[in-house]
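Subject: Structure handover

Hello,

Here is the structure I promised you. My notes on what turned up follow below.

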Amino acid sequence: MKILLTGANGYIGKRLLPVLVEAQHEVVCLVRDPRRFEVPDSLKDKVQVVKGDLLNPESLQNLPRDVDAAYYLVHSMGSGSADFEQAEKTSAANFIRYLNTTGARQVVYLSGIANDVHLSKHLTSRRQVEDVLAQGKASLTVLRAAIIIGSGSASFEIIRDLVEKLPVMVTPRWLNSRCQPIAIRDVIFYLTAVLGRTDCYDKRFEIGGPDVLTYKQMLLQLAKVRNLKRCIYTLPVLTPRLSSYWLYFVTSTNFALARSLVESLRNDAMVKDESIQQLIPHKCLSYESALNLAFTKMEQNMVVSSWKDALVSGTIRLNFMDFVQIPEHGVLTDRQRMRFDRAPEEVLENILRIGGERGWYKTDFLWEIRGLLDKMVGGVGLQRGRRHPTDVQAGDSIDFWRVLAVDRKVGRLLLYAEMKLPGEAWLQFRICREQDGNHLEQLAAFRPDGLAGRLYWYAMLPFHFVIFKGMAHNIIHYQEPLRNKISPPAQHSR
């Protein structure tokens, strides 16, 4: 079939795409900005990438009309939008108006389990999207899932952050809520299994793993898997807002996402309707098996996608890829240029491994302080790390930066600041091959926003003097330390 895949560069979409191609489907990936969506070479012959913004109906006019089915994997959870509920309804309505002009027979939507009477704003919004999608001509199939466990998933990363960073936790009472966590592998199975099945048309299914656990039990079980001893105490006095701040500062999540999660965790998320087992019998992985599989993927550096792939920080412009060239005018710069005698490929490899577990090559404690200050003013902080220790692609997050451009042939890496700033900032590294030898050019550029921006830049100059020259020097001379064994990587969360 010809399948339209929305949210193709999100956590679920990136994992679903190769499975659909392997099943011999032709896939049309709808993305807002194709420049930050890199299709693997092995999939390019079966994948078409089209540009469109579901909040802008005019951008959908040139999309293909001959699709047979569609996946709707678009969510605004954690976007920071004050009115994300309305944005989600508008997005779904525009999508259905377009799909009604096609020959699509089925829409598959991944939603959340929500059986309580009083639902969080996030779960209420998902229900509203279901209702909007059901109004289209194409039959709707909804899969409602609880917490999804997999390498790079937001839920898994947050649970891991809490367990690995805090020997003792004082937690809110929502940790006693119950849910049925499900492995990402099983979610992908169900998403593909319902495709094209007429007995799944106009049905809403609940999917979950075999274990019913409280969130406290989930934390303790992960600690057991990691051979860590942890003590957890629950208090009734922590309000949802305080709980959100607690998650925000301890984990790599942003505040909007933390708030959405906390509000949702007040509701039990257990499967009450098991009708999908009658149509599609399937044995899901246990919670412990899902954890072990996630850690195995991390140890093998095989994290296919991360929740950070989506622009959920709320602090970066959606058109950030437009800034792929540093402006020539109106910017303040710090330029370091150093000659080196090593092979250019070795220096470039050091450049491309910057951030995450490798760090920033100079005074990492100052970067940590800057990340903490960013968190305190609502930014993303330095805890996001990077998706992969060596591979980097346009659109990736590296700590509190986004990758604008990476070119191994030319020897260039360009980063754009996602931190809270009174202006815009770029950090560029280039390998310059010249007659007198090879040079590393490192350029930090800042376009200030008024007087506050200029004051910020000049206040940072003493730190720039310490950091940037030493950073360029260390990038040139860094040698990978020898290791006797491979240890589980921590690059996904600092």
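S91 is in contact with L54, L55, Y72 and V74, leaving aside its neighbours within four places in sequence. Contact here means heavy atoms within 4.5 Å. S91 has its place in helix α2. At 5% relative accessibility, S91 counts as buried. Buried means under 20% relative accessible area, exposed means over 50%, and partly exposed lies in between, with a 1.4 Å probe and protein chains only.

Before you read on, note that this is a predicted model: local features need pLDDT of at least 70, side-chain atom pairs count only at pLDDT 80 or more, and totals for chains, interfaces and linings use all residues. Residues are numbered from 1 along each chain as its sequence is written, and side-chain values use heavy atoms, with hydrogens and water left out. Helices (H or I, at least four residues) and strands (E, at least two) are DSSP runs, numbered from the N terminus.

Aromatic pairs

The structure holds 12 aromatic pairs. Rings of Phe, Tyr and Trp (its six-membered ring) pair if their centres lie within 6.5 Å; planes under 30 degrees apart count as stacked, over 60 as edge-to-face and the rest as tilted.

Y72 and F95 form one of these pairs, a tilted one. Their centres are 4.9 Å apart, with 45° between the planes. The pair links distant parts of the chain: Y72 sits in strand β4 (residues 69-72) and F95 in helix α2 (residues 84-99), 23 residues apart. Y72 counts as buried, at 1% relative accessibility. F95 is buried too, with a relative accessible area of 0%.

Y72 also pairs with Y109. Here the ring centres are 5.8 Å apart and the planes are at 55°, so the pair is tilted. This pair also links distant parts of the chain: Y109 lies in strand β5 (residues 106-112), 37 residues from Y72 in β4. Y109 counts as buried at 0% relative accessibility.

Elsewhere, W360, W367, F400 and W401 form one aromatic cluster.

Two crossing helices

The axes of helix α4 (residues 154-165) and helix α10 (residues 287-299) come within 12 Å and cross at roughly 85°. Axes are lines fitted to C-alpha atoms, for helices over the stretch in contact, and angles run from 0 to 180 degrees between N-to-C directions. α4 and α10 are therefore roughly perpendicular to each other. The cut-offs: under 35 degrees is roughly parallel, over 145 roughly antiparallel, 65 to 115 roughly perpendicular and the rest oblique.

On the α4 side, F156, I159, R160 and E164 make the contact.

The six-stranded sheet

An open sheet of six strands runs in the order β14-β19-β18-β17-β16-β15, with antiparallel pairing. Two strands pair if DSSP finds at least two bridges between them. The edge strands are β14 (332-340) and β15 (397-398), each pairing on one side only.

Helix α11 (residues 344-352) packs on the sheet. It touches β14, β16, β17, β18 (423-434) and β19 (437-448), and its direction makes about 165° with that of β18.

The pairings in detail:

- β16 (residues 401-407) and β17 (residues 412-417) are antiparallel over six bridges. V406 has L413 in β17 as its bridge partner.
- β17 and β18 are antiparallel over five bridges. L414 stands opposite Q428 in β18. A hairpin of five residues joins the two strands.
- β18 and β19 run antiparallel, joined by 12 bridges. R430 has E441 in β19 as its bridge partner. A hairpin through two residues joins β18 to β19.

F340 is found in strand β14. Is F340 buried or exposed? F340 is buried, with a relative accessible area of 4%. F340 touches V347, I431, N438, H439, L440 and I476, not counting residues up to four places away in sequence. F340 and H473 are 133 residues apart in sequence and 9.3 Å apart in space, C-alpha to C-alpha.

Best wishes
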